[in-house]
Amino acid sequence: MQPPQSESELMQRAADLAGFTLGEISHEHGIACPADLSREKGWVGMLLETCLGATAGSKPEQDFAHLGIELKTIPVNAHGKPLETTFVCVAPLTGISGVQWEHSHVRHKLSRVLWVPVEGERTIPLAERRIGTPLLWSPSREEDAQLRADWEELMDLIALGRVNDITARHGQYLQLRPKAANSHALTDAFGAKGEPIKTLPRGFYLRTQFTHHILSRFFVS
DNA sequence: GACTGATCATTG
DNA sequence: CAATGATCAGTC
């Protein structure tokens, strides 16, 4: 699948997927559908990238850089409520002095997002889960301010060398949690006295309350 | 039932 | 190891 040339082409492709099951879509593309996601947690996201023509790979940029759009699949229940938090990006633990919200990776990633809801209840076999109506979102002024407040709180703690004091309980809408292969993975950071330390890699995640708010903005009921 | 900390696959 | 794609699963 070639990358979409325009925003409208991307939206049309995404809209055309709505209502189909993951089994139908993966079959069309000759991709095997696993029984569950326990060993392939990113399978749905990768499938949608393929279907929509996103540039594959592990580049730290938006999925559709030429359109300035990031693709996010989000698991929802029958009522459209998110079942999981949404990973945004890894958190920088070194070299962060002087970094401001306006230039952060979080803000850049979330500046324009194509959300694709997908049924995610584990009682539904993966192949039978349906793709929902896509929505193209940009943060409102209020949403931007909410994310900024959490981001600044978390980044301040990191800058103070207190990364090991941060738990998933910090941040009202944006939280910081481990983002690693396992609990033994270590990366560089700084301690409270400025000394170099090794710690778990972290990532920024959007709480379900926040993403639920986004989805409900589009599906007024 | 919600939430946090842990984890899985794959590619450079 | 770090980045991409996220969900799992035990505990509260």
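Predicted model: local features only at pLDDT ≥ 70, side-chain atom pairs only at ≥ 80, totals over all residues.
1. Which residues of helix 3 are the buried ones? They are Trp43, Val44, Leu47, Leu48, Glu49, Cys51 and Leu52. The cover over these buried residues includes helix 1 (7-17), helix 2 (22-28), strand 1 and strand 3 (113-119). Just past the end of helix 3, Gly53 has a positive phi of about 85 degrees.

2. Of the atoms of DNA strand C that come within 4 Å of the protein, 60% belong to sugar and phosphate. By class, the surface near DNA strand C is made up of eleven charged, eight nonpolar and seven polar residues.

3. Arg122 places a polar side-chain atom 2.7 Å from a phosphate oxygen of DNA strand C, and for Lys109 the distance from a polar side-chain atom to a phosphate oxygen is 3.5 Å. Gly42 instead uses its backbone: an N or O atom there lies 3.4 Å from a base nitrogen of DNA strand C.

4. Which elements give two or more residues to the surface near DNA strand C? They are helix 3 (43-52), strand 1 (70-76) and strand 2 (86-90). Strand 1 gives the most, with four residues. Strand 1 is also among the elements that cover the buried residues of helix 3.

Conventions: Residues numbered from 1 in each chain as written. Chains lettered and ligands numbered in written order. Heavy atoms only, no water. Near = heavy atom within 4 Å. Polar contact = N/O pair within 3.5 Å; in protein donor to acceptor, adjacent residues only side chain to side chain. Nonpolar A, V, L, I, M, F, W, Y, C, P; charged D, E, K, R; others polar. Buried < 20%, exposed > 50% of the residue type's maximum accessible area, 1.4 Å probe, protein only. Contact = heavy atoms within 4.5 Å.
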